[in-house]
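Q: Can we walk through this model together? I'd like to go topic by topic.

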Amino acid sequence: MSANTSKIPVRIAGTGSYLPAKELTNKDLESIVDTTDEWIFSRTGIRSRRIAAEGENTSDLATEAAKNAMEQAGITADELDLIIVATISPDTITPATACYVQHNLGAKSALAFDISAACSGFLYAMEVAQRMISDGNFKNALIIGAEKLSAFTNWDDRNTCVLFGDGAGAAVLTRGDETTGRILSTKIGTDGSQTGILNIPGGGSACPTTVDNADQKLASLAMQGREVFKLAVNAMKRASEAVIEEAGLTAESIKLVVPHQANLRIIDAIADRLTIPNEKVFVNLHKYGNTSAAAVAIALDEAHREGKIERGDNIVLVGFGAGLTWAAAAIQW
Ligand code: COA
């Protein structure tokens, strides 16, 4: 955990997001797998999701979100020192998706690398970028959560294919001062004993896709939903409480919680345990489903652009994902 008190303060200068145009509704899914809109919506809160076009890569989604964030921050590509892309659906295993984004933006002097922390990835990126700026060596960082999960979805598996979607969100972090808002506290954590309950089992070096196993679609998201559900609620509650306490905040002093957008029942359970009323918790998963590393970033941008976050407000971001990983940040805007 870091309480950002002694070093250079770090603030969010701008946010952005990008969603592919193509919508895939629950109704559409009824003709793909044996499911119903009613089943999906009542279990998850999801009504629709976006699907990237053929040839539209994770780096393309990331680049568009980045441009929106940079425009809002008033920062040009030349001024970027650092680009971190959080993703589990990279364009290629190597090089990093951040390298494609650096080239797309023309951010020639920016260091660029990826983080793989699943749905917690954007907040892992925030933690790393914050520390690099806070130490004084970097000034302007672009952090992006971007996913083309449709490329890693088994469209024959109704247990998973109804849950995920494509999209990207971004934020520009920069040095703050006494007159600006700042990241107050952060917490990230990992439990590597649970790698088997939420993963993409194939396509890596442990289980390459071969002619013999290709029909099993092992390079697709797999999940034990009920186990994940319980662990998600507990981990997000603990991470949120930790950053709220470290920042010296109370539940009453928080204007908005922006949680990972995986399941409305998980979000409601967290709000309940934190004693934060539902109207102070931002939800957009009905439109986009679970976009993994992009979800918190997209939600933050939408909340910001809808005027739900204003200068001086205290907000909490919190996520959870495969790994298992979890992360939270308390921010004064
Ligand atoms: N449509 C219709 N029926 C479906 C279905 C679908 N899309 N997906 C699963 N089912 C069926 C199952 O086959 C099962 O049928 P059976 O009892 O005949 O075997 C039944 O619904 C119940 O399945 P189960 O997995 O027990 O449902 P659930 O109530 O636990 O809900 C999730 C499933 C995935 C919605 C829920 O576990 C969940 O949200 N988990 C957390 C997932 C998550 O957020 N992960 C990301 C974290 S980052």
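Q: Where is Thr275?
A: Thr275 sits in the loop between helix H8 (264–273) and helix H9 (285–288). Keep in mind that this is a predicted model.

Q: What is its phi, for Thr275?
A: Positive, about 50°, although Thr275 is not a glycine. Most residues other than glycine have a negative phi.

Q: Is Thr275 buried or exposed?
A: Exposed. The relative accessibility of Thr275 is 59%, and the cut-off for exposed is over 50%, so Thr275 counts as exposed.

Q: And what about the phi of Ser292?
A: Ser292 is not a glycine either, and its phi is positive at about 45°. Ser292 lies in the loop between H9 and helix H10 (295–305).

Q: Buried or exposed, for Ser292?
A: Buried. Ser292 has 2% relative accessibility, and buried means under 20%, so Ser292 counts as buried.

Q: Switching to peptide bonds. Which bond ending at a proline is cis?
A: The one from Thr94 to Pro95, with omega near 5°. Pro95 is in the loop between strand E5 (82–86) and helix H4 (97–105).

Q: What joins Gly323 and Leu324?
A: A cis peptide bond, with omega about -5°. Leu324 is in the loop between strand E13 (314–321) and strand E14 (325–332). Most peptide bonds are trans.

Q: What about Gly225 and the ligand?
A: A backbone N or O atom of Gly225 is 3.0 Å from a nitrogen atom of the ligand.

Q: How much of the ligand does the protein bury?
A: The protein buries 74% of the 970 Å² that the ligand exposes when taken alone.

Q: Back to loops. Where is Thr180?
A: Thr180 is in the loop between strand E8 (166–175) and strand E9 (182–190). Its relative accessible area is 18%, so Thr180 is buried.

Q: What lies 3.0 Å from a polar atom of the Thr180 side chain?
A: The backbone nitrogen of Asp177.

Q: Zooming out, how many helices and strands are in the chain?
A: The chain has 10 helices and 14 strands.

Q: What radius of gyration does the chain have?
A: It is 19 Å. A compact globule of 333 residues would have one near 20 Å, so the chain agrees with that.

Q: And what box do the C-alpha atoms fill?
A: Roughly 60 × 45 × 35 Å along the principal axes.

Q: Last one. What share of the residues counts as buried?
A: Of the 333 residues in the chain, 55% count as buried.

Notes. Residues numbered from 1 in each chain as written. Predicted model: local features only at pLDDT ≥ 70, side-chain atom pairs only at ≥ 80, totals over all residues. Heavy atoms only, no water. Polar contact = N/O pair within 3.5 Å; in protein donor to acceptor, adjacent residues only side chain to side chain. Areas by Shrake-Rupley, 256 points an atom, 1.4 Å probe, with all protein chains shown as cover. Helix = DSSP H or I, 4+ residues; strand = E, 2+ residues; numbered from the N terminus. Rg over C-alpha atoms; globule rule 2.2 N^0.38 Å. Buried < 20%, exposed > 50% of the residue type's maximum accessible area, 1.4 Å probe, protein only.
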